[in-house]
Structure formats: structure tokens, C-alpha cells
Amino acid sequence: MDSTEDNKTLAGVEQIIQFLQQHQADRQSTLIAIGGGSLLDLVGFSASIYMRGITWWAVPTTLLSMVDASVGGKTAVNLNNTKNLIGSFHPPRKTIIDQTFLNSLPPENYASGMVEVIKMAWTSDAKAWKTEKFYNKENIVPYAIDLKLKIINNDWFENSANKDRLILNAGHTFGHAFEKLYPHLSHGQAVALGLIAEHDFATHFTQSSHPIDQLQQAFSHIGLETNYKKYLTDVDKLIDLMLKDKKSQQQMLQFIVAKAPGQPYCLRCKADDIRTFVSENVS
């Protein structure tokens with residue numbers, strides 16, 4: 001199966017389940033996913049529900065899947081125009097990472113994975129941000145995996161009192177909505193735009209400065225666009241998608257932003273606050 005968002009659906013799950021049944025897979029069988037993040041999400045979720053759960057292995061072939069989808073145990077598929085609406089926590093029994101796969105990635109695909117690394121350094125590693133350690137291609141994968149495991153170590157299921165794992169959602173409230181509204185945007189590009197938009201909104205909403213220029217420079221450095229404002233043409237659709245996102249609670253939107261590198265916090269607001277922001281600062 002191709003590693004695409006189009007396959008990351010219940011229809012994709014059914015296709016895998018039917019294959020497993022036809023080939024008499026049982027509780028002792030192992031399902032192996034070799035591909036990008038969308039495929040790992042799909043296969044992991046299918047493994048979590050087949051016969052109440054079977055073992056699966058992850059073999060990520062893109063930078064994004066190496067530092068994100070294969071680490072942390074989340075699996076999911078999309079439904080009702082909503083990203084990752086149905087999912088489970090079902091970590092792969094084994095993850096096999098071969099960084100030589102990265103040699104064949106087109107630049108835009110590599111850049112998409114770099115967004116995840118930059119995001120984590122921005123919110124959780126001020127020292128790495130200052131030294132630009134996250135640009136080191138040789139060590140980028142182990143660095144990113146170690147950092148993500150540190151973030152989620154006390155909050156594997158997103159239910160700890162400190163909500164440590166929520167930090168990883170930075171950029172994803174706007175980002176997932178951008179990704180859905182504009183299918184030509186890669187996940188990484190959409191999250192990059194989302195990070196800038198959310199920090200710009202935070203500056204407007206809190207009336208305190210957030211160093212947006214540093215994020216813009218980091219994303220420009222890896223060849224990504226940083227002008228999110230041209231993607232705000234339909235604020236009603238944007239807000240509708242954001243409210244459907246699993247990060248929203250009781251009709252309140254949540255954003256993870258940082259006042260400075262390594263200083264993240266959760267900002268909550270109403271949909272009307274986003275509408276006001278767009279009308280006053282973008283139109």
C-alpha cells in the first residue's frame with residue numbers, strides 16, 4: 001500500500017484486515033510496515049484492532065517517520081474530514097531505522113521531517129536551538145528520538161497531570177487545518193506555517209512578544225515557505241477544522257507556543273478570538 005493520507009482511512013484499515021484474514025493471520029502473527037508516517041499510522045492502528053491486537057514492527061523510510069510516527073506509540077486514521085480522529089496507543093514491538101533511506105529522499109521530503117525536529121528543539125531544548133545542533137544530518141535521527149522520548153517519558157498516554165506530551169502538538173492546531181484545506185502542502189510544511197501562525201496569534205492575543213523571526217529563519221533555512229497569511233482566505237472553514245481537532249476542549253482551542261526557546265506554554269482561546277485576529281491583522 002502506498003504511504004499516503006488517501007489510504008489512511010477506514011477503507012485502508014479494512015483492506016489490511018481482509019488481507020490478514022485471507023492469509024490466516026492469527027494472534028501470533030507480526031505485521032510489518034515499511035514506509036512513511038501515513039503508512040506506519042495505518043498499519044499500527046490495523047494491528048491494534050485485529051483480533052484485539054497483534055504485534056507490529058515499524059521500518060520508517062522518511063525522516064518524518066523516523067523521528068515521529070515510529071516513536072511514541074500513537075496510531076490513527078482520518079475520518080469525516082478530520083485528521084487522526086480514530087486511533088489507539090499501540091507501540092511497535094520493534095523499530096528498525098536505516099538512515100541510508102534518507103539518501104534517496106527529495107529535498108522537500110527531508111525538509112518536512114526537519115520541521116518536527118525544529119519544533120521539538122524550539123519548545124524543549126534551548127541549548128540545541130542556540131547551537132543549531134538539530135541541523136547535523138549525521139546525528140539528527142538519534143538526537144530527535146532521544147528528545148522525543150524525554151518529552152513523553154512521563155506522559156505516554158497524554159493523561160498526566162503535567163500534560164507533558166501536549167508540547168509535541170505545537171504548530172499542529174493551525175497546521176492540521178492548513179494540511180486539510182490545502183492538500184498540496186506536506187505535513188511538515190503545514191506544521192511550519194502553523195507554528196508561525198500560532199506564535200503570531202499568541203503575540204496578538206497576549207500582547208507580549210514571541211520571537212517569530214527565529215522560527216521564520218529556521219524554516220527558510222531548510223527551504224520552506226513562511227507566509228501563512230495567504231492560507232487564511234477562508235477563516236470559517238479553518239476554524240471549523242480546528243474545532244474538530246482532538247486538541248480542542250469544550251469548544252476552546254489550544255495552542256502550544258513558546259515565549260523563548262525551551263519555554264513552552266499552553267494558550268487557550270475561543271474561536272471568535274481567531275476570527276478577530278484574522279480580520280484585524282491579516283485581511
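1. Alanine 177 is buried, with a relative accessible area of 2%. Buried here means under 20% relative accessible area, exposed over 50%, and partly exposed in between (1.4 Å probe, protein chains only). The residue lies in helix 7. Helices (H or I, at least four residues) and strands (E, at least two) are DSSP runs, numbered from the N terminus. Leaving aside neighbours within four places in sequence, alanine 177 is in contact with Leu238, Leu241 and Met242. Contact means heavy atoms within 4.5 Å. Leucine 243 is 66 residues from alanine 177 along the chain, and their C-alpha atoms are separated by 9.6 Å.

2. A word on the basis. This is a predicted model, in which local features need pLDDT of at least 70 and side-chain atom pairs count only at pLDDT 80 or more, while totals for chains, interfaces and linings use all residues. Residues are numbered from 1 along each chain as its sequence is written, and side-chain values use heavy atoms, with hydrogens and water left out.

3. Alanine 190 is found in helix 8. Its relative accessible area is 0%, so alanine 190 is buried. Not counting residues up to four places away in sequence, alanine 190 touches Gly175, Phe178, Glu179 and Leu185. For one of these, glutamate 179, the C-alpha separation from alanine 190 is 5.4 Å, at 11 residues apart along the chain.

4. Next, the packing of helix 8 on helix 9. The axes of helix 8 (residues 187-206) and helix 9 (residues 212-221) come within 10 Å and cross at roughly 170 degrees. Axes are lines fitted to C-alpha atoms, for helices over the stretch in contact, and angles run from 0 to 180 degrees between N-to-C directions. Helix 8 and helix 9 are therefore roughly antiparallel to each other. The cut-offs are under 35 degrees for roughly parallel, over 145 for roughly antiparallel, 65 to 115 for roughly perpendicular, and oblique for the rest.

5. Which residues make this helix contact? Ala192, Leu195, Ile196, His199, Asp200 and Thr203 in helix 8 meet Ile212, Leu215, Gln216 and Phe219 in helix 9. They divide into 6 nonpolar, 3 polar and 1 charged. Ala, Val, Leu, Ile, Met, Phe, Trp, Tyr, Cys and Pro count as nonpolar, Asp, Glu, Lys and Arg as charged, and the others, Gly among them, as polar.

6. Aromatic pairs deserve a look. Rings of Phe, Tyr and Trp (its six-membered ring) pair if their centres lie within 6.5 Å; planes under 30 degrees apart count as stacked, over 60 as edge-to-face and the rest as tilted. By this rule the count comes to 11 aromatic pairs. In one of them, phenylalanine 178 and tyrosine 231 have ring centres 6.1 Å apart and planes at 55 degrees, so the pair is tilted. Phenylalanine 178 is in helix 7 (residues 172-181) and tyrosine 231 in the loop between helix 9 and helix 10 (235-244), 53 residues apart. Both phenylalanine 178 and tyrosine 231 are buried.

7. Another pair is phenylalanine 201 with phenylalanine 277: the ring centres are 5.4 Å apart and the planes at 80 degrees, so the pair is edge-to-face. Phenylalanine 201 lies in helix 8 and phenylalanine 277 in helix 11 (residues 271-281), so the pair ties together parts 76 residues apart in sequence. Phenylalanine 201 is buried at 0% relative accessible area, and phenylalanine 277 is buried at 2%. Phe174, Phe178, Tyr182, Phe201, Phe205, Tyr231, Phe255 and Phe277 form one aromatic cluster.

8. Lysines also meet rings. The charged end of lysine 94 sits over the ring of tryptophan 57, 4.5 Å from its centre. Lysine 259 lies over the face of tyrosine 265, at 5.3 Å from the ring centre. The criterion: NZ of Lys or CZ of Arg within 6 Å of the ring centre and within 35 degrees of the ring normal.

9. Alanine 258 belongs to strand 6 (residues 252-258). At 0% relative accessibility, alanine 258 counts as buried. Beyond neighbours within four places in sequence, alanine 258 is in contact with Trp122, His199, His210, Pro211, Gln263 and Pro264.

10. Asparagine 80 is in the loop between strand 3 (74-79) and strand 4 (82-89), and asparagine 81 is found in the loop between strand 3 and strand 4. Phi of asparagine 80 is near 55 degrees, a positive value in a residue other than glycine. Asparagine 81 has a positive phi of about 60 degrees although it is not a glycine. Asparagine 80 is exposed, at 58% relative accessible area, whereas asparagine 81 is partly exposed, at 44%.
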